[in-house]
Amino acid sequence: MFSKSFALLLATFAASAFADSEVFYCTDINYGGNCHHSPKITANPAGVCHNMKGDVAQFNDAISSFGPDEDLLCTVFNLSNGRGVPVDYPGYADLRTIGFNDVISSYLCYVDTGNPTGEKL
Ligand SMILES: *[C@@H]1O[C@H](CO)[C@@H](O)[C@H](O)[C@H]1NC(C)=O
Ligand SMILES: [Ca+2]
C-alpha cells in the first residue's frame, strides 16, 4: 500500500520536474551565431527525435555548439553516414572537440529518470 502510493507520488513528481527540458544549440562555437531552443522534451519511452528540417533546416550540418538540459540524455546523428555520438549535459560549446562540427542532421533525447534499465517514466 505504502509503496504503491509512494511510487505514484514519485512518478507525479518526475513528470512535473522533467516537463521543461530542452536543448539549446547554435551555428557557432560557444553558443554564438544563430541559436535555437528545441521544443520542450518530456518523458517519453521512445525518446524524442528531431530532424533539422522545416523551420530548423538552416541548422542542418551547421551546428557547432549543442547543450542539453541537465536531465536529458541525447545522441546527435550525422545522417549522411548514420553515425551517432552521445551528448549529455552540459553538452559541447565546441563540437570540434568530438569531431562533430557542422555534421548534425538530427538528435534523439531521453529524459534521464535515473532508472538503470533505461526505462522511462
Ligand atoms: C558524416 O558523414 C559524411 C558522409 O558519409 C562523412 O563524409 C563525414 O566524414 C561524416 N562525419 C562524421 C563526423 O561522422
Ligand atoms: Ca557551424
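**Ground rules.** I number residues from 1 along each chain as its sequence is written, letter chains from A and number ligands from 1 in the order in which they are written. As the model is predicted, local features need pLDDT of at least 70 and side-chain atom pairs count only at pLDDT 80 or more, while totals for chains, interfaces and linings use all residues; side-chain values use heavy atoms, with hydrogens and water left out.

**Entry 1, calcium.** I looked up the donors of the calcium ion (ligand 2) and found Thr27 (O), Ala62 (O), Ser64 (OG) and Asp102 (OD), at 2.3 to 2.5 Å. Donors here are N, O and S atoms within 2.8 Å of the metal (3.2 Å for Na, K and Ca); water is not among the atoms, so sites may look incomplete. I wrote the spacing of the donor residues down as T-x34-A-x1-S-x37-D. Ser64 sits in the loop between strand S3 (48-51) and strand S4 (65-68), and Asp102 in the loop between strand S6 (83-88) and strand S7 (106-111), 38 residues apart. Strands are DSSP runs of E, at least two residues, numbered from the N terminus. I then checked burial: Ser64 is buried at 5% relative accessible area, and Asp102 is partly exposed at 33%. Buried means under 20%, exposed over 50%, and partly exposed in between (1.4 Å probe, protein chains only).

I listed the residues around ligand 1 (a heavy atom within 4 Å): Asn78, Ser80, Asn81, Arg83, Gly99, Phe100 and Val103. Polar side-chain atoms lie 2.5 Å from a ligand oxygen for Asn78, 3.3 Å for Asn81 and 2.9 Å for Arg83. Taken alone, ligand 1 exposes 360 Å², and the protein buries 54% of that.

How many disulfides does the structure hold? I found 2 (a disulfide is a pair of cysteine sulfur atoms within 2.5 Å). Cys26 and Cys35 have their sulfur atoms 2.0 Å apart, and their link is right-handed, with 110° about the S-S bond. Cys26 is buried at 0%, whereas Cys35 is partly exposed at 32%. The other disulfide joins Cys74 to Cys109, S to S 2.1 Å, and is right-handed too, at 105°. Cys74 lies in strand S5 (residues 72-78) and Cys109 in strand S7, so this pair ties together parts 35 residues apart in sequence. Cys74 is buried at 2%, and Cys109 is buried at 1%. I noted that Cys49 is in no disulfide; the nearest cysteine sulfur, that of Cys109, is 8.8 Å away.

Key. Helices (H or I, at least four residues) and strands (E, at least two) are DSSP runs, numbered from the N terminus. A polar contact is a pair of N or O atoms within 3.5 Å; within protein, one must be able to donate a hydrogen and the other to accept it, and residues adjacent in sequence count only if both atoms are side-chain atoms. Accessible areas come from the Shrake-Rupley method with a 1.4 Å probe; for residues, only the protein chains shown count as cover.
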